[in-house]
Amino acid sequence: MQAANLGSALPLFLAAAAEYPVAAASPTPFGIADYGASQGRNSMIPMAAAIDTLRPRIGPDRPIVISHVDLPSNDFTSLFTVLDEDPASYLAGRANVYPMAIGRSHFSEVLPVHSIDLGWTSNALHWMSRNPCAVPDHGWGVFSADPAVRAAIDAQLDADWVAFLHARAREMRPGGRLVCQFMGRGPDSHGFEWMANAFWQSWVDTADAGLLSQGELERISAPSAGRSAAQIEAPFRDGRVTGLRLADLATVQAPDPYWDAYRNSGDAVQLGRVWADMMRAANGPSFAAALDPGRDRGTVLDAVTEALAARIAADPQQNRSFNVIVVIEASGAA
């Protein structure tokens with residue numbers, strides 16, 4: 001799912017690499033930042049494609065430094081294992097490329113001033129820096145029935161977006177480009193309602209079965225939500241961000257490769273299984289963090305996964321969600 005999502009932004013990232021003004025004789029390493037790298041598997045294709053686009057332009061000897069940024073709790077061991085052992089590694093067959101990892105939040109400045117020529121982030125910026133409030137009636141605050149909760153989510157999304165932009169304005173070299181792909185909001189709905197509700201109801205079912213308490217259920221809140229185009233444009237329009245220009249912004253319906261496979265196979269059980277496994281991997285840890293310290297999280301997650309798979313198999317639908325794709329250019333005036 002995440003690999004399918006980032007594909008919509010990849011052509012813009014390659015265009016940025018192809019159009020960025022470079023000097024082949026420069027001794028300065030060419031800097032690429034991968035913000036929100038996770039375990040790295042979805043970084044291999046965009047980084048390899050950018051290197052291959054740049055290399056004829058900057059020459060064979062100019063170093064390329066790729067900085068993978070994620071939280072200190074990220075599994076950087078898996079990232080470096082992929083780089084070292086996976087045939088899809090962007091290091092395979094490519095010389096003078098130097099990866100490094102930074103265990104800090106990308107909502108702060110994490111790299112030296114004017115050290116980044118190209119920036120990339122996919123499937124990351126819909127995660128907030130924190131949960132701004134309790135959300136007792138849903139797993140995601142954006143779907144709460146309480147307008148105060150939804151307002152708090154929007155305020156946090158705005159603060160995080162401004163903080164992210166301020167940090168990038170410092171890090172990027174003049175003329176550099178940053179390409180972002182993350183969950184957005186649609187023109188008439190947030191999107192993702194069907195799957196979010198199905199996942200949440202599976203947790204409610206598991207609580208009803210006695211595997212977690214009502215108190216634990218009320219503490220669950222995933223710190224993620226999509227942004228609308230207006231929310232993305234706001235800090236550029238009102239002057240809160242300087243040194244950056246919003247070069248391109250598009251909201252597109254996200255692909256649903258699981259539904260495409262279901263239409264070919266008709267296998268509703270398999271549809272339920274792949275969706276349940278994906279939701280467990282992507283959102284299970286943040287939901288399970290609300291469980292009591294003595295609770296067997298594996299048992300609870302197993303039960304939720306089975307409940308979600310059965311719920312989807314019984315009522316198969318196409319997921320409707322949205323991606324936003326943003327291209328930002330640095331002027332260096334920050």
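## Basis

The model is predicted, so local features need pLDDT of at least 70 and side-chain atom pairs count only at pLDDT 80 or more, while totals for chains, interfaces and linings use all residues. Residues are numbered from 1 along each chain as its sequence is written, and side-chain values use heavy atoms, with hydrogens and water left out.

## The sheet

Seven strands form an open sheet with mixed pairing, in the order β3-β2-β1-β4-β5-β7-β6. Strands (E, at least two residues) and helices (H or I, at least four) are DSSP runs, numbered from the N terminus; two strands pair if DSSP finds at least two bridges between them. β3 and β6 (244-253) stand at the edges with a single partner strand each, so one side of each has no neighbour in the sheet. On average, neighbouring strands are turned by 15° against each other, direction ignored.

Helix α2 (residues 10-19) packs on the sheet and touches β1 (30-35), β4 (116-122), β5, β6 and β7. Contact here means heavy atoms within 4.5 Å. The direction of α2 makes about 175° with that of β4; axes are lines fitted to C-alpha atoms, for helices over the stretch in contact, and angles run from 0 to 180 degrees between N-to-C directions.

Six of the six residues of β1 are buried, where buried means under 20% relative accessible area, exposed over 50%, and partly exposed in between (1.4 Å probe, protein chains only). In a regular strand the side chains alternate between the two faces of the sheet. In β1, Phe30, Ile32 and Asp34 point one way, and Gly31, Ala33 and Tyr35 point the other way.

β1 pairs with β2 in the parallel sense over six bridges, and phenylalanine 30 has isoleucine 64 in β2 as its bridge partner. The chain passes from β1 through α3 to β2 in a right-handed β-α-β crossover (with the strands pointing away from the viewer, the path from the first strand over the helix to the second runs clockwise). β1 also runs parallel to β4, joined by three bridges; there, isoleucine 32 is partnered with leucine 118.

## Helix α4

In α4 (residues 76-85), Phe76, Leu79, Val82 and Leu83 are buried. Seen down the axis, these buried residues fall within an arc of 120° (taken from the directions from the helix axis to the C-beta atoms), so they line one face of the helix. They pack against α3 (44-58), β2 (64-70) and β3 (97-103). Thr77, Asp84 and Glu85, on the other side of α4, are exposed.

## Nonpolar cores

A nonpolar core is a set of buried Ala, Val, Leu, Ile, Met, Phe, Trp, Tyr and Cys residues joined through side-chain atoms within 4.5 Å. The largest has 43 residues, of which Trp140, Trp203, Trp275 and Met279 touch the most other members. α6 (193-208) is among the helices that each supply at least two residues, and α6 gives the most, with nine.

Leaving out residues up to four places away in sequence, methionine 279 touches Trp140, Phe192, Met195, Phe199, Gly284 and Leu308. A second, separate core of 29 residues includes Phe13, Ile58, Ile66 and Val97.

## Two residues with positive phi

Histidine 114, in the loop between β3 and β4, has a positive phi near 55° and is not a glycine. This histidine 114 is partly exposed, at 30% relative accessibility.

Phenylalanine 192 lies in the loop between β5 and α6. Its phi is positive, about 75°, although phenylalanine 192 is not a glycine. Phenylalanine 192 is buried, with a relative accessible area of 9%.
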